[in-house]
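Student: I am new to this structure. Could you show me how to read its features, one at a time?

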Number of protein chains: 2
Amino acid sequence: MKIAVDAMGGDFGPRIAVEGALQAVREFDLDILLVGVESLVKKEFDRLGGGASRITIIDAPEAVGMGDGIFAVRRKRRSSIRVGAELVKNNRADALVSMGNTAAVVYISRKILGALQGVNKPALSLLVPSVGGLTLLLDVGANVNCRPEDLEQFARMGKVFMEQILGLREPRIGLMSVGEEESKGNDLTKEAFERLAASPLNFIGNVEGKDLYSGKADVIVSDGFTGNVALKVTEGVVEHLFSMARREIMGNFFAKIGFLLMRRNLKRLYKRLDYAEYGGAQLLGLNGVCIIGHGRSNSLAVKNAVRLARDFVARRVQDRIREELAGAAGGVSLG
Amino acid sequence: MKIAVDAMGGDFGPRIAVEGALQAVREFDLDILLVGVESLVKKEFDRLGGGASRITIIDAPEAVGMGDGIFAVRRKRRSSIRVGAELVKNNRADALVSMGNTAAVVYISRKILGALQGVNKPALSLLVPSVGGLTLLLDVGANVNCRPEDLEQFARMGKVFMEQILGLREPRIGLMSVGEEESKGNDLTKEAFERLAASPLNFIGNVEGKDLYSGKADVIVSDGFTGNVALKVTEGVVEHLFSMARREIMGNFFAKIGFLLMRRNLKRLYKRLDYAEYGGAQLLGLNGVCIIGHGRSNSLAVKNAVRLARDFVARRVQDRIREELAGAAGGVSLG
């Protein structure tokens with residue numbers, strides 16, 4: 001198996017990507033194509049000892065910045081993200097892993113790879129740590145305007161992902177809304193509710209914003225606008241809370257000693273909340289495997305993203321999604 | 001000035017409401033109509049020493065439960081919320097304060113009082129603690145389906161509230177979206193962006209979920225579906241974080257000592273995050289003043305909600321909203 005890794009993405013550039021790739025080939029049975037500005041990638045590679053025979057550097061002379069808009073992204077025809085997506089398209093790689101600018105990766109990979117047969121809208125999905133496990137939220141920003149049938153497809157794709165990757169049976173599907181009762185919601189969710197209730201999915205009904213972390217559902221479906229706001233609110237709360245806590249605590253001598261005593265535990269907690277720990281976000285329903293890591297990723301997160309890409313390919317998630325949607329669309333189930 | 005206080009609302013029933021009302025009449029120059037099941041309210045009143053000449057008990061034999069659905073609410077024609085709203089409608093009270101079931105208060109007060117002249121949709125607004133101050137988010141759930149012109153009205157009403165109640169000049173208005181650039185957003189926000197940019201408001205453009213707490217905007221407008229999800233995600237994160245922290249910390253001896261040393265500071269922090277501290281949520285654009293406190297309110301929060309209702313009336317927020325919207329709609333500004 002060959003995984004293309006975008007070496008230019010992320011806040012720390014090639015260093016972290018190269019480190020992560022080296023760790024991955026040491027641990028997993030796969031080859032890595034490191035895509036990026038050759039001179040820069042090679043420098044990091046040599047610095048880290050190089051010599052890994054299962055890593056190949058692929059030159060991509062342009063880099064997409066973390067702050068680049070879609071307009072700039074479109075012009076860079078030799079960017080590492082684009083070259084990586086083309087490797088997947090031409091069957092030279094089985095999957096693309098990038099820690100880059102999420103909007104750019106979504107834009108380019110959809111443009112180059114397109115949607116899986118039967119998929120209306122590939123969705124960006126993310127695992128968040130919840131009580132007792134992990135909850136998959138989708139869409140988190142790839143599709144800001146959705147129809148009820150799109151939400152149903154998200155639910156089906158999320159189900160397949162949780163079955164194949166996390167090994168869940170009959171994952172519980174929740175619909176993000178403003179109240180638990182069926183009558184609660186906007187026009188979009190009310191119609192999606194009916195579709196989901198009529199489907200063979202294990203649909204548990206509406207869930208609320210707080211259930212993103214309550215562990216009530218394994219998969220929560222949402223339009224990409226709401227999902228993105230929900231995710232970014234989380235980021236804001238965590239950041240704000242920690243900075244408030246620091247200010248509150250540092251003003252008091254005893255609290256400060258207390259903080260020092262529990263620092264290691266708080267750090268571990270903070271890490272658990274950092275979603276890069278779980279491999280990354282996935283584009284589900286794309287005609288090709290694409291994993292997007294958090295820009296702040298460290299090398300461990302890069303390695304985890306590569307492992308997720310490997311599992312995605314090995315467990316044939318793409319085929320399972322195609323089957324799930326074919327069964328739904330045609331009304332004829334072969335499963 | 002006369003404020004009607006729903007004595008039956010909230011998780012703790014009449015006790016907290018009566019305590020808060022007593023504190024309010026001691027501190028502020030106003031009268032309170034305590035609306036609730038007379039025997040229960042009177043018992044609490046007597047227990048607390050009674051005798052406050054500026055409090056009158058108004059009997060409302062039915063109580064709306066915190067979990068009652070709209071169907072149950074509609075049937076209870078003598079509920080404390082309904083009787084309170086009717087007092088406002090009949091000019092026997094200047095404002096209604098309730099710690100009750102938010103959905104029930106929104107439903108009944110809209111039904112009984114209707115919208116202010118020129119207002120399409122009264123909006124539920126809430127002050128959240130942000131870096132450097134408070135940010136008003138609206139709508140947080142009264143209107144799950146919105147049009148661009150509704151979002152513009154929300155912005156105008158929010159502006160008036162922040163000017164009159166918090167004394168801000170030219171409050172910064174942000175539009176909740178999925179990216180800062182004008183091009184980011186769904187169909188609704190893109191059109192709302194254009195309207196806001198063309199208005200005389202101090203519109204700072206799109207903001208993201210994380211800006212709910214960053215202090216970047218004084219007012220953030222959103223459709224009620226997204227606003228409600230954003231708010232409930234916050235609740236979920238805070239709850240989840242504290243329970244994770246407790247588990248993490250209690251497993252370790254030193255961390256436990258550390259936690260005990262900083263407990264008082266953490267409690268203060270938790271209180272700051274509890275939005276009941278800030279008086280409550282307000283229905284803006286209703287033809288009558290209505291403040292909704294958090295169900296977990298203590299007597300201090302009830303008193304604060306009464307003070308907010310008083311300021312709302314004294315500073316003529318309703319008149320200012322009418323003027324603001326009349327200026328906008330007619331294209332003729334008298335201000």
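**Reading the model**

Tutor: Begin with a helix on a sheet. Helix α2 (residues 38–47) of chain B lies across β2 (31–36) and β3 of chain B, and runs at about 155 degrees to β3(B). Axes are lines fitted to C-alpha atoms, for helices over the stretch in contact, and angles run from 0 to 180 degrees between N-to-C directions. Helices (H or I, at least four residues) and strands (E, at least two) are DSSP runs, numbered from the N terminus.

Student: How should I take the numbering and the model itself?

Tutor: This is a predicted model: local features need pLDDT of at least 70, side-chain atom pairs count only at pLDDT 80 or more, and totals for chains, interfaces and linings use all residues. Residues are numbered from 1 along each chain as its sequence is written, while chains are lettered from A and ligands numbered from 1 in the order in which they are written.

Student: In what order do the strands of the open sheet in chain B lie?

Tutor: Two strands pair if DSSP finds at least two bridges between them. Here 11 strands give the order β3-β2-β1-β4-β11-β10-β5-β6-β9-β7-β8 (chain B), with mixed pairing. β3 (55–59) and β8 (203–207) of chain B are the edges; each has a single partner strand, so one side of each lacks a neighbour in the sheet. From one strand to the next, the twist averages 25 degrees.

Student: In which sense do β4 and β11 of chain B pair?

Tutor: Strand β4 (residues 95–98) and strand β11 (residues 289–292) of chain B pair in the parallel sense, over 4 bridges. Ala95(B) has Val289(B) as its bridge partner in β11(B).

Student: At what angle do α6 and α7 of chain A cross?

Tutor: Angles under 35 degrees count as roughly parallel, over 145 as roughly antiparallel, 65 to 115 as roughly perpendicular and the rest as oblique. The axes of α6 (residues 148–166) and α7 (residues 187–198) of chain A come within 8 Å and cross at roughly 50 degrees. That makes α6(A) oblique to α7(A).

Student: Which residues of α6(A) and α7(A) meet?

Tutor: Contact means C-beta atoms, placed from the backbone, within 7 Å. From α6(A) come Pro148(A), Glu149(A), Leu151(A), Glu152(A) and Ala155(A); they meet Leu188(A), Glu191(A), Ala192(A), Arg195(A) and Leu196(A) in α7(A).

Student: How is chain A divided into domains?

Tutor: Domain bounds come from an automatic or database domain assignment. Chain A has domain 1 (1–119 + 285–315) and domain 2 (120–276). Their contact takes 14 residues from domain 1 of chain A and 12 residues from domain 2 of chain A.

How values were computed:
Two residues are in contact if their C-beta atoms, placed from the backbone, lie within 7 Å.
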